[in-house]
Amino acid sequence: MPRNDDLIRGFMKDLTEYTEEIASKVYTAADKLSRAARSELTEIPIKRTGVYRKSWKVKRFKGKKGFRLVIHNEQKYRITHLLENGFIHYPDGNTVEGRPHIGPTQDRLNEDFYKACVDIIEKEE
């Protein structure tokens, strides 16, 4: 008859394997979705020199407690807020309308990521 310690160790081993498998699949799904969102942001109709469109990057951080993927504009990060929300153009005082492109992409990405996580967990059950 197995002792309680052996039973607990076996249970913890199985739980750890399950968690690592789920985490790996979630990371793969997040990476795929972040690359799709990055390519969606590079297709925006805002272009003058093309540097803003071309400088969208995905930064990956992996640590002991999990991972984080950040989609950011590497070269023109200062103007993302202005292009998204609009601004007042000085010296003439005219307003420049914003072109929302980051917000809708972020909302779609969050929804798709949630659906992907639910699908991964349901397949494992």
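Helices (H or I, at least four residues) and strands (E, at least two) are DSSP runs, numbered from the N terminus. The model shown in these views is predicted: local features need pLDDT of at least 70, side-chain atom pairs count only at pLDDT 80 or more, and totals for chains, interfaces and linings use all residues. Residues are numbered from 1 along each chain as its sequence is written, and side-chain values use heavy atoms, with hydrogens and water left out.

**View A. The largest pocket is lined by residues from α1, β2 and α4, among others.**
A pocket is defined on a 1 Å grid over the protein atoms alone, as an open set of points where a 1.4 Å probe fits, with protein on both sides within 12 Å along at least five of seven lines; lining residues have an atom within 4 Å of a point. The largest pocket has a volume of about 390 Å³. Here a volume is the space filled by probe spheres set on the points, with grid points joined across faces, edges and corners. Of its 17 lining residues, Leu 69, Ile 71, Gln 106, Leu 109 and Asn 110 are the closest to the centre. α1, β2 and α4 each supply at least two lining residues. α4 gives the most, with six. By class, the lining has twelve nonpolar, four polar and one charged residues. For these classes, Ala, Val, Leu, Ile, Met, Phe, Trp, Tyr, Cys and Pro count as nonpolar, Asp, Glu, Lys and Arg as charged, and the others, Gly among them, as polar.

**View B. The second largest pocket takes lining residues from α2 and α3.**
The volume of the second largest pocket is about 290 Å³. Its lining includes Ile 46, Lys 47, Arg 48, Tyr 52, Lys 76, Leu 82 and Phe 87. α2 (51-54) and α3 (80-85) each supply at least two residues. Seven lining residues are nonpolar, two polar and three charged. Ile 79 also lines this pocket. Ile 79 sits in the loop between β2 and α3. With 31% relative accessibility, Ile 79 counts as partly exposed. The cut-offs are under 20% relative accessible area for buried, over 50% for exposed, and partly exposed in between (1.4 Å probe, protein chains only). The C-alpha atoms of Ile 79 and Gly 10 are separated by 54 Å, at 69 residues apart along the chain.

**View C. The largest nonpolar core has seven residues.**
A nonpolar core is a set of buried Ala, Val, Leu, Ile, Met, Phe, Trp, Tyr and Cys residues joined through side-chain atoms within 4.5 Å. The members here are Ile 22, Val 26, Ala 29, Leu 33, Ala 116, Cys 117 and Ile 120. α1 gives the most, with four residues. Another core lies apart from this one, with five residues, among them Leu 41, Ile 44, Ile 46 and Tyr 52.

**View D. Ala 116 and Leu 33 are in contact.**
Contact means heavy atoms within 4.5 Å. Ala 116 is placed in helix α4. Its relative accessible area is 18%, so Ala 116 is buried. Leaving aside neighbours within four places in sequence, Ala 116 is in contact with Ala 29 and Leu 33. Ala 116 and Val 26 are 90 residues apart in sequence, yet 7.7 Å apart in space, C-alpha to C-alpha.

**View E. Thr 105 is in helix α4.**
Thr 105 counts as buried because its relative accessibility is 6%. Beyond its neighbours within four places in sequence, Thr 105 is in contact with Ala 37, Glu 40 and Leu 41.

**View F. β1 and β2 form a hairpin.**
Strand β1 (residues 56-62) and strand β2 (residues 67-73) pair in the antiparallel sense over seven bridges. Two strands pair if DSSP finds at least two bridges between them. Val 58 stands opposite Ile 71, and Arg 60 stands opposite Leu 69. Four residues lie between the strands, and Gly 66 in the turn has a positive phi of about 150 degrees.

**View G. The peptide bond from Tyr 90 to Pro 91 is cis.**
Omega is near 15 degrees. Pro 91 is found in the loop between β3 (87-89) and β4 (94-96).
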